[in-house]
Amino acid sequence: MQKMKGFRKFIVMTFLGLISVCLLIMAASAISNLNLPEHSLVIEHLSEFDKIRLEETLHLRQAVGNDVWPGWGDADIPAIQYNEEYAFLVGYSKPPSGWVKVPSNQELGGPWEVVPDDVFSGQVYYRQLLPAPDVTPQAFTVLVGDRWVSSIGTYDWMKISLTQTIRQDLPAFMRPIFPAQLFVDQLLGGSDKYISLSAHEAFHAYQGASVPEKLTTAEIAGRQLEDQYPWDDESLKADWQEELDILAEALRSTDQTMTVDLVRQFLLLRITRRESASLSPELIAYENQREWLEGLARYAELEIWRRASDKTYTPMLDTSSLPDFNGYTGFDTRWSQEISQLTMMADDKGDGRFYYTGMAQAFLLDRLMPSWKLQAFDENVWLNDLLVAAIGE
């Protein structure tokens, strides 16, 4: 009996202890949320950390970009970063007014002005006030004059705006206690990931400069056909799950013969899935185009990080001052996360699925047909077509 009373006391104390820990965590989260930043610390010009991240992105692309994709490292690609009030343009001397969104050809913005009393890499750079808080160049590529320019939010503004969006979407009672900042920090990662994301958008600019019609067609497909895609079809989702699992298994495989066999299974599953779902030629083209557009950019984002993690690459000295830069040592963890996420995309609505399937096919092509990039920008050539050629089907 005494032992039973002791056990019950232990259970009660453990339960109370857990409750106390939860309350402490909630209190700490609530206090932390009171101090969440609402505005960028530096607004009217690029901060020193902004400049270091941008310079490192350019340095990294120039050092290993041609190894990631022939010609990408040599390409002269200006860059836009924007915060809640301004868009900043670097690498473009005397730019014409505004920017043009692709593929709508919508002209936005106004004249660019030299940022007063500040330089980027020893050169003047430009800025303009955003027409409205929700009118930005967005994270993609835009045209400034006749040049394709990469575009992304500043690191600080990305974190602030995403935190605000997440909190707004929460039930009212959760907003004070949900650890939004911690969640966003985990989601966005540190400067290493931001630099790779900047490279992602720079690859879109390279796609646009190299094959503008192919990029434009792929982006139009995304806007016109996403709502027509049968995302909620349970049979289709089950077939997609098989396809994603096989792709993940192929990425994990270290045996070339097994990899070829898994790729063959993937291609057969893909044909069967499309036939079973009675996908129209337009929706099949939509899959191929989004894999080409976003999957290749995701591939470039990860491959440039992988190459940066090699001991032969040395980041710029100034990156040591970034409080959350880890010298690209986290690639293996990111790669494992990407493969795991790939297997969870069957229930995802929207073209986020194609970021992963396109990326996966690109990495498999690296193993099976090293020359594949010479054909990847050709008209009507898609990643699954190249995989068919790679295994000799």
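1. **Basis.** The model is predicted; local features need pLDDT of at least 70, side-chain atom pairs count only at pLDDT 80 or more, and totals for chains, interfaces and linings use all residues. Residues are numbered from 1 along each chain as its sequence is written, and side-chain values use heavy atoms, with hydrogens and water left out.

2. **Overall fold.** The protein has twelve helices and eight strands. These are DSSP runs, numbered from the N terminus: helices are H or I of at least four residues, strands E of at least two. Of the 393 residues, 49% are buried. Buried means under 20% relative accessible area, exposed over 50%, and partly exposed in between (1.4 Å probe, protein chains only). Take contacts between residues at least 6 apart in sequence: 74% of them join residues at least 24 apart. Contact means heavy atoms within 4.5 Å.

3. **Second largest pocket.** Its volume is about 470 Å³. Lining residues number 29, and L58, I77, V90, G91 and F120 are the closest to the centre. A pocket here is an open set of points on a 1 Å grid over the protein atoms alone, where a 1.4 Å probe fits, with protein on both sides within 12 Å along at least five of seven lines; lining residues have an atom within 4 Å of a point. Grid points are joined across faces, edges and corners, and the volume is the space filled by probe spheres set on the points.

4. **Who builds the lining.** α2, β1 (79-82), β2 (86-90), β8 (147-153) and α5 (191-210) each supply at least two residues. α2 gives the most, with five. By class, the lining has 16 nonpolar, ten polar and three charged residues. Nonpolar covers Ala, Val, Leu, Ile, Met, Phe, Trp, Tyr, Cys and Pro; charged covers Asp, Glu, Lys and Arg; the others, Gly among them, are polar.

5. **Helix pair α7 and α10.** The axes of α7 (residues 234-252) and α10 (residues 331-342) come within 8 Å and cross at roughly 155°. Axes are lines fitted to C-alpha atoms, for helices over the stretch in contact, with angles from 0 to 180 degrees between N-to-C directions. The two helices are therefore roughly antiparallel, a label for angles over 145 degrees. From α7, L244, L247, A248, L251 and R252 meet W335, I339, S340 and L342 of α10. Seven of the contact residues are nonpolar, one is polar and one is charged.

6. **Two buried loop residues.** T154 sits between β8 and α3 (155-169). T154 is buried, at 4% relative accessible area. Beyond residues up to four places away in sequence, T154 touches L46, D50, Q81, Y82, N83 and Y194. W382 lies between α11 (352-368) and α12 (383-390). W382 is also buried, at 12%. Leaving aside neighbours within four places, W382 contacts K214, N288, Q289 and W292.

7. **An exposed leucine.** L41 is in the loop between α1 (2-34) and α2 (48-68). L41 counts as exposed because its relative accessibility is 81%. D156 is 115 residues away along the chain, yet the C-alpha atoms of L41 and D156 are separated by 8.1 Å.

8. **Backbone points to check.** Most residues other than glycine have a negative phi, and most peptide bonds are trans. The V102 to P103 bond is cis, with omega near 10°. S278, between α8 (256-276) and α9 (281-308), has phi near 55°. N380, between α11 and α12, has a positive phi of about 60°. S278 is exposed at 60%, and N380 is exposed at 55%.

Terms used: Angles under 35 degrees count as roughly parallel, over 145 as roughly antiparallel, 65 to 115 as roughly perpendicular and the rest as oblique.
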